[in-house]
Amino acid sequence: MTKLIQTIVDGLGVGSTYALLALGISLIFGVMHLVNFAHGELITVGAYASYFFFLHGGSWWWMPFVIIGSAVLASVATELVAFRWVRNASPFTLLLTSFALERLSHALWQIFVSPKQRAFPKPAWVFNQFKVAGVSFEVMDVVTIAVTAATLALTAVVFKRTLFGISVRGAAEDFDAARLMGVRANRVISGAFAFAGLLAGVAACLILMRSPAAEPSMGSDWLLKAVIAAVIGGLGSFTGAVVGGLVLGLLETLTRAYLPELAVGWDKFSTAVVFVLIAVFFVIRPDGVFKVSHAERV
Amino acid sequence: MSGVNAGLLRLTRSTLASAALVAIVAALAMAYTSGGGASRDSLIAEMLSNFILVLGMQVFIGNTGVLSFGHMAFAQIAAYATAVVGIPLAAKAKALPDIPFGLDSVHYGPLGATVFAIVVTIIIGGIFGIAVSRASGLAPTMITLAALFVVEQLVKNWKELTRGAGGLSGIPRLEGNGWLWVGAFVALVVAHLFQETRIGRFAIATREDELAAPALGIRLFSARWAAWVVSMGLIALGGSLRAQSLGSVNPKQFTLDSGILILVMLVVGGMRCVSGAVLGTVLITAGNELFRQLGDPQRLDIERFPDLFLGGTMLLVMLLRPGGLLGDRDLAGWLRRRTYRRPPPTGEEPRAGSNTLVAAEIEVHFGGFVALDGAGVTVRPGEVVGLIGPNGAGKTTLFNVITGIVHEQGGRVTLGDRELTDAKPVDIARAGLARTFQNLRLFKNLSVRENVTLTELVAARHRSHRVRPDADTLLADAGLTEWADRQAGTLDYGNQRRLELARAAALAPDFLLLDEPTSGMSDQESQAMVESVRSVATRVGAGVLVIDHDLGFITRISDHIVVLNEGRILAEGTPAAVRANPLVAEAYLGSSA
């Protein structure tokens, strides 16, 4: 029972990071049908920003601002320099454009900083443990879940209550109609990128507190998982992104923890098992858990 | 007999185009290697195996437009399959003492090992491809990504079969690059031929429009799956030859990154055509090498500059020429146009079909909103029926019910004695209903004539009992003769509408279903559209069901008019009778005319 609770808490921790990233991907997909493979690079940007911040005497107190700020700026910048120019292209072209940015980002960090990992100190309290009813937790587990919950609540308020959020949702449903209603395309799209940057920045904070190091290709693994989570949930669906992230996180940790008990000798195949399950899921539900019907006229 | 001739012509064209492309690449390679050095030969070897892999991806990604990250997984399966049967028995017993499936006593020569690898990969990949081809949207891409990770972990951990992350060596190496050239040529011929086959054309149609293709009788699944299987064969050839050219195989050769390199080659040159794939491979291989030399091998620069080159090139191409450098300028396509001969006219007189289309008492609710409340329509053979009504009357919904896009909660649709209620769009099209779309869904990157000939391919198989006029006759009826070789997407609006009409008629349908064929047209154009619809419909002997807002157009073209209002039939009859009906004037004309 103790093991189960710990596994679930671990799963929710990883899953909520996936969820934050997946939410950003889903948001951008909603407004411009782009599956943004450069989204993970925002984590890398945050990581290098904090590395340089530490190099110049920064401390963890200001870190979240540095990380989130740099991620927001980078996100808006990608839209300005690249995505704006292919806005009406096919989803395929959009996706490859983001892929190109991802490659470029890897190359630039390698050339201008180093291909090697750059580490910096972590906050002292991160791995402190405490016990509740005989089950021990890390402080970071609680921080992760609490921060994610707060961020998701903020997201919900922004998209339900503010004019910006409503415009974005309107644009996601039918961009042409939204434009006729007076929604300004550039502003909505820039705003969506900024918000996706914010979400990625929060995710980057959580990731970097656990493992404070910058590396050119660190964003890619997170990105792939986040894209999978977003598609599992149903691209364009905000609830779906969160559910997809949490499900993926739980699936990974539960498989890793319990597969060896279920099938002896299979522990080394846990990732393979997870991906087989994912593939099977996509065969059964190609549109994800929450299917989003786009305003596609025939 | 003409089928054999056509097949021979296709084979000749594909071989000619392939030979020309190989000759160009070989000339470049010779100029490069004559500078000397074994490293130059190994670069050519690398390029050639990439070449085959790029063509493998082109067959699936380029023709179906479905992005796959997983192709490298199958190249890896092929490479390992080559290794486990190609490594001599003594060396194998040492490296893989516990090898399963009785492979410890199996040893094939280079040709045998290659064939074995291709067969194994096609079987495994083919089964997997069922999942990929069934799904829609982004799901196939995600499934291929999953495949990549699954295969990667299997290879790294199934040590009895693969020896794990360290890989396998001791595969007998091929002498020189001769076989790689042969492989590249074979891959080129296969890729060219595939684009000429019926199923290959269908795959291209699904790429151009996922909704229009089924509405013209093309089954998404079979077209995609066929492309996938052929693509697996080429990928396996590439993977196997690479393993035999290097003499060793390990998981690092088949990562997501290496797959992306191949993908960049494909999209930079232009994924839609084979010539583009060739150009991309040559350019990226050369550029990569150039940037590698810029780096300082003492430091880790050697890795970083190629990434910069790849990312930069891909970004520029996507921003400036999203279709790739060549777009659709394909050598084989050019040959195809040059050798196009209009088939002799069949001389058959048009005759009307004998089936009546009946949609009766259709009910459709969207949530609480009742879109159709018992409306229906009957179209007799050769008859032109117009469907009008104010906005929200249910015209388009009725249309979508008949063509299988929306499912009705009540009522029946029949064509003659054939039940079409709940049938899929693709089967409805094959049964004899061909539709056009309100928002124009042409195969934009194909030529005007190809748009029509594609549908004729469906008609040849499923509508052979009907009179099937050739593409040029239909294009002439629609007034498009002078544009026949233009790219469909470059036509002006009115001509695009007429092309959709001709394309639908090429199915030799019992009925043409036209969804607002004059929307956005001037009076003059819509007058001309009346003529086009009449002559095209008469040519194939089809009846017509047409929705339009333009009352003038509807009354001129229709023999019979049905007026819908709030999901029910408000009135029907001859154009004159409907015009005179006071109810109609109140509901429809009163407000808008």
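Chain B is divided into domain 1 (2-255) and domain 2 (357-592), with bounds taken from an automatic or database domain assignment. The model is predicted: local features need pLDDT of at least 70, side-chain atom pairs count only at pLDDT 80 or more, and totals for chains, interfaces and linings use all residues. Residues are numbered from 1 along each chain as its sequence is written, and chains are lettered from A and ligands numbered from 1 in the order in which they are written.

The centres of the two domains of chain B, taken over C-alpha atoms, lie 44 Å apart. In domain 1 of chain B, 13 residues contact 19 residues of domain 2 of chain B (C-beta atoms, placed from the backbone, within 7 Å). Helix 9 of chain B gives the most to this side of domain 1, with 4 residues (helices are DSSP runs of H or I, at least four residues, numbered from the N terminus).

Between chains, 39 residues of chain B contact 38 residues of chain A. Helix 5 (110-134), helix 6 (139-157) and helix 14 (301-320) of chain B each supply at least two residues of the side that touches chain A.

Within chain A, the axes of helix 2 (residues 41-55) and helix 3 (residues 63-81) come within 8 Å and cross at roughly 135 degrees. Axes are lines fitted to C-alpha atoms, for helices over the stretch in contact, and angles run from 0 to 180 degrees between N-to-C directions. Residues of helix 2 of chain A in this contact include A:Leu42, A:Val45 and A:Phe53. Helix 3 of chain A contributes, among others, A:Met63, A:Val66 and A:Ile67.

Conventions: Two residues are in contact if their C-beta atoms, placed from the backbone, lie within 7 Å.
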